[in-house]
Amino acid sequence: MKHTLHTRRQFLRTSILGGAVSWTIPAFLERTFFTLDAMAADSAIQTPTGKDSPILVVLQLAGGNDGLNTLVPFGDDAYYRARPNLAIPGAKTLRLNDHFGLNPKLTGLKSLHDEGHLAMVQGVGYPNPNRSHFRSTEIWHTASDSAVTEKYGWMGRYFDSCCKGEDPAVGVSIGSQTPQAFAAPEPRGISFARPEQFRFDLKSASDRDAADEFFRSVNDFESAQMDGGSIGMLAGHADAGGDTLDFLQRTSLDAVMSSDKVAEIIKRSRPGASYPSNRLADSLNLVARLIGGGMPTRVYYVSQGGYDTHSNQAGAHERLMEELDSSLSAFCADLKAQGNFDRVLLMSFSEFGRRVHENASGGTDHGAAAPLFVLGGKVKPGIVGAAPSLTQLHDGDIIHGVDFRSVYATVLSKWLNAPVEPVLKRSFPLLPFI
Amino acid sequence: MLTPLPSREWTLPAAAHLLNRAAFGGSPEEIQRLHAMGHAAAVRSLIRRGEEEDLFPAPELVPMNYRRIAKTSMTPEELAAAKKIMQIQLREQTQEARAWWIRRMASTPFPAREKCVLFWHGHWATSIEKVKDPFLILQQNQTLRAHAFGPFAPFAKEISKDPAMIRYLDLNSSKVGHPNENFARELMELFTLGEGHYSEEDIQELARAFTGYRIHPVTGSFRFFPKEHDSGVKKIFGKFRPFDGDAAIDLIVSRPECAEFLSAKLWNFYAGEKPSAPLNELLASEYRASGMNTGDFLEKIFLSREFYTSNYLRRQIKSPIQWLLQTCKVLERPLPDFRMVQNTLGQLGQVLFAPPNVKGWDGGRAWVSSSTLLLRYNLAGRLVREGGGSMPDIEKILPASASPQQACDLLAWRFFQGPMSTELRDKTLHLLEKNGNSPAARHDIVHLLMSTPDFQLI
C-alpha cells in the first residue's frame, strides 16, 4: 500500500514535472511550468508506454445488443422464420459475403471493413450463459466462469500484473463510474465524464495558494497519517477490499494527480474530426484527444447504453446502430488524422445477445452468444469463427462457438504483449484477428 | 436475536450515527436534541411519526396520453408539433416531481421515512427514461411512501400492479401464450430472492402468472384483462397450481431466501456493508419475526448494539443525495436552487426517478471515482460561498472569537461528527493561524475540510 502511494507520488514529481518539485510549489508557478514545459514534458509523459505502445479501447454496448440484427445472417431461412417482424431483408444489409451483411445503418463500419480494418468475431459467449444483465456483465468484466463469482476485473488484473508502478491513469474510463473490469486489490485507473470538471477549483478562495497547499497536503497520504497508528487500526477492518477511508484517500490522490495531467492535455489538444452529437461520440472524442495528447493510458473504457430492446425494437435498435456507426467513423477518422490509427485497437462487447425468436412486444428477450467487432489499423480483417446455428439452440438461444476469453487472450497476447495466464488464470485458444 | 444497546452507550456520537444513517444527518443542535430524548424515544421519533400529507402537496399531474395523440387525424406537421409539446411537458413535469421530492426530503420533520422511500426507490428501481410519464412515476413514489415502513408481501403485490413498474418491465404487453419474462426475472433476481435461488423454468412459469396486467390509458391506474391472463396451471418451485400474480408473490415471499435477501439489503443500506452470514441469520429471523414489517425491523436495528459497533461508524460513503442534503444541514443553509440541485445530482450520479438500471444504484464505493470526488470538492465550495440571500451563516458555524483549538473542535464535530486525525488537525490549526479569522478565510477552511476523503463518510 505504502509502496504504491510512494510510487504514485514519485511518478508525479519526476515524470510530469520532469524533476523533483515540491508539493508546496505555488499553483500559478506550477501552471506556468506546465505551459512552458508542455512540449518538453511530452517525452516524460510518454515514459510508461512510449509513443509507439499499443492502446486498447473497450466499448461496451450495454443492455444486450441484438447480434442477429447487427451482423445479419441473411443467408439463413431460420432467421426469417424466427423474426417475422424484426428480420432485416438481405437486400437491405451491407453485404460482407454470401451469408452475412451488416445492419444497414453501419455504413462506416462497412467502409472500415472494405479498407481492411474491421474484423467480426462470430458467436462469442461462454458456457452456461447467464441471462441476467448484471451477472452476465460481471462475468464479462471479470472474465470468470459462469458459476464463479470473481471480484476483480480482467483489466484490473492486467494492470496489476503488467503495469506495476505506472501512472494511475493507465486505465481511463469515460463516465462517472469505474467499471468493474478495472477492479483490483490495488485498483488503478481513473474515470471522468467531462474534463473541464475534472479539476479542483479554488477560484473563489480568498488565499488561493494557501488553500491549494492545504488541499494538496491533506491529499498527500504518504506522511504521518498512513505511517502512524491509524493504519494499524484500519487494517483490522473486516472489509476484504481494504478500508473505506483508505479507498477514498487513494481515489483522492489519483484524482489530484491525474487531473493535473488531463487538464494540460485538454488545453493543448483540438478534436481532429467532426463528431456527431451524442454521448458515445463525446466519449470517443475525449479518448481521441487524450491519445493525441500523449496520455500514458493503455486501456480506455467507453460505453453506449440502451440495447435492452424488449419491446418496439425496430426503430430503437436502428437509432443505436446509427449512433454507434457515426461515432466510430468520426473516431477512426480522428485517429487517422493524428497518425495514431495503427496504435489503437477497439473491441466491442455486450453482456449477451438477444433471443433468436422475437417476442410479442415487437422486441427480443435476453439471449446468449452474439458477434462482436474489433477495429483498428493493425486488425486482420474478416469474419472469425463459424456461423452459429439458428436451429440448434439451447433454451431458444444461440450456442457460443468462441469463448469471450479467447478474444481477451488474443488482445492481451497479440496486442498488449502481455502474458495471458496471470490475467485470465488459464490459457485460451488465440484468434486470427490480429 | 439482536442485542439491545445498553443505555450508557447511547452517547452523542451514537445519536449522530443514528441521525446520519436513519435520516440525512443534522446540525450539532439537532444531534443534541435527538440525544436528549433518550434512545428508545429518539428511534420512535424517527420511525413512528409522520407529517401531515398536506404539508407537502404533490404536483398535480395527469397521465401523458401518447396513444390519443397518435390516433387523432393530424397532419404529420401537427403530429410532430404535438409530440414536441409532449416532450417539453415530460421534461418539465419530471423536474417538478423531482423538485417536490428533494424539497420534501430536505425539509420534512420526518426524514427517516423519506430515506426509507429512497431505499425502496433503489430497490423497486423504475426509470422515467423508459416510463416516460411523470404522473405514473409520482404515483409510484406515493405507493413507496405508503408501504415503506409496512409489511413486505402486500407491498410487493402493490408494486406488481404499479403502472410505472408495469411499463418499465414490459408487463403491459405480456399475455397468455406470449408471456414477457422481464418482470418475472427481476422480481426474483433483484426484488425478492437474489440470483441463484430459482431456475430458468421458474421464471418462464412465473411470467405466465403476471399476464394480463395493463394500464388504464386515461386514469393511469392498474387494470386486469382476464382474457389476456393465462389462468392455466403453472409449475413454480415444484408446485403445480393455477397461480395468479398475487398467489405467486405469496409463494415467493414465503421462501426462506426472501427474508434473507431483504434483511441483508436493508442492513447494507443502513449499516453500510453487507452483513456476515451469521449476522444475517439473526437479521433475517428478526425480519421474519416482525412479519417482514420493515418499520418494525428497522426499529430493532436502530435499537441494537450491533448497529453501533465501531465497524460501522464513519465507514459509509455518502450517496450523492445524502451528501447534498447533509451538506446543507451541516452548513445550516437551505437547498440551493433547483437547477443546481439537478446538476449536482446528475453529475454525482444519482438522478431521482432515473436509476441507471433495474438494479438501482450500486452504492458504496461505486459512488466515488476520481471524477465524482473532485466534483464533490468543487460543489462543496459553491455551497459554502454561494446561494444569494441564503448563504450559510459563517459566524454560527465558526465564530470569529473561537481560538484555533476551539475552532478545530467545532469544525470536527459539525463536519465529521467525531475527532479529526492528528495530521488533519495540525494542518487545520496551521491554516487557521496563518490565514486569520476573516469571513473569507473561514469560508476557505470550511470548504477545504469538506474537500477531504473524511467528509465523504458518515
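Select Val72(A) and then Gly101(A), which is the bridge partner of Val72(A) in strand S4 of chain A (strands are DSSP runs of E with at least two residues, numbered from the N terminus, as are helices, which are runs of H or I with at least four). This is a predicted model, in which local features need pLDDT of at least 70 and side-chain atom pairs count only at pLDDT 80 or more, while totals for chains, interfaces and linings use all residues. Residues are numbered from 1 along each chain as its sequence is written, with chains lettered from A in the order in which they are written.

Next, go to Val287(A), which, leaving aside neighbours within four places in sequence, is in contact with Val57(A), Ile174(A), Tyr300(A) and Val302(A) (contact means C-beta atoms, placed from the backbone, within 7 Å).

Finally, show both chains: 50 residues of chain B are in contact with 51 residues of chain A. On the side of chain B that touches chain A, helices H11 (182-192), H19 (370-385), H22 (422-435) and H23 (439-450) of chain B each supply at least two residues, and H19(B) gives the largest share, 10 residues.

Conventions. Two strands pair if DSSP finds at least two bridges between them. Two residues are in contact if their C-beta atoms, placed from the backbone, lie within 7 Å.
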